[in-house]
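Please look over the sequence and the model below before reading on. The report that follows moves from the whole chain to a few of its residues.

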Amino acid sequence: MVDLASTMYDDIENSRVGGKTIVLPASKDELPNCIVITNVPDEVFNNIEQRANFSRLFTEVEEGVHFDFLKSFNLIFSSVISGRVRLIFSSPESATTAKLIVQHLSFNGQTLKAFFA
């Protein structure tokens with residue numbers, strides 16, 4: 001599998017943006033190895049086959065990824081029940097690759113969003 005994230009951290013240096021210095025991590029070990037996927041359809045929480053399909057997206061990136069399925073019960077603001085899934089990878093590169101794959105991906109008609117955690 002192609003490692004989409006490996007080149008992102010190779011030649012990173014501190015830089016200035018808008019007159020402010022941005023201090024970047026000194027090493028890959030300081031980067032997040034966890035992402036949170038939001039807007040996950042209810043079927044992923046209630047249907048074993050849908051959960052397996054969803055999980056397969058990420059086990060392609062890293063076989064040993066850890067999943068925490070966090071169902072949301074907020075029906076006041078939305079008629080659509082959705083939740084979040086936290087994924088913990090063994091490396092920042094795997095987390096970055098998974099985030100790039102899932103960002104704005106549609107799963108069962110819902111557009112997923114991904115954030116580093």
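Predicted model: local features only at pLDDT ≥ 70, side-chain atom pairs only at ≥ 80, totals over all residues.

## Surface and overall make-up

Of the 117 residues in the chain, 34% are buried.

The chain contains three helices and eight strands, and, read from the N terminus, these elements follow the order β-β-β-α-α-β-β-α-β-β-β. When contacts between residues at least 6 apart in sequence are considered, 64% of them join residues at least 24 apart.

## Confidence in the model

The average pLDDT of the chain is 82, and 70% of the residues score at least 70. Confidence is highest in helix H2 (residues 48-59), with a mean of 96, whereas it is lowest in strand E1 (residues 15-17), with a mean of 61. Over residues 4-12 the pLDDT is below 50, although this stretch still has 13 contacts in the model beyond near neighbours in sequence.

A pair of aromatic rings is described by the distance of the centres and the angle of the planes. The chain has six aromatic pairs. In one of them, the ring centres of Phe 67 and Phe 69 are 5.8 Å apart and the planes meet at 15 degrees, so this pair counts as stacked, the cut-off for stacking being under 30 degrees. Ring pairs also link Phe 67 and Phe 69 with Phe 45, Phe 54, Phe 58 and Phe 107 into a cluster.

Phe 67 has a relative accessible area of 17% and is therefore buried, since buried means under 20%, while Phe 69, with 22%, is partly exposed. Over the face of Phe 69 lies Arg 51, at 4.0 Å from the ring centre. Ser 55, which is placed in helix H2, is buried at 13% relative accessibility, and, leaving aside neighbours within four places in sequence, Ser 55 is in contact with Phe 67 and Phe 69.

Apart from neighbours within four places in sequence, His 104 is in contact with Thr 111 and Leu 112. The C-alpha atoms of His 104 and Ala 114 are separated by 7.9 Å, with the two residues 10 residues apart along the chain.

Terms used. Residues numbered from 1 in each chain as written. Heavy atoms only, no water. Helix = DSSP H or I, 4+ residues; strand = E, 2+ residues; numbered from the N terminus. Buried < 20%, exposed > 50% of the residue type's maximum accessible area, 1.4 Å probe, protein only. Contact = heavy atoms within 4.5 Å. pLDDT = per-residue confidence, 0-100. Phe/Tyr/Trp six-rings, centres within 6.5 Å; stacked < 30°, edge-to-face > 60°. Lys NZ or Arg CZ within 6 Å of the ring centre and 35° of its normal.
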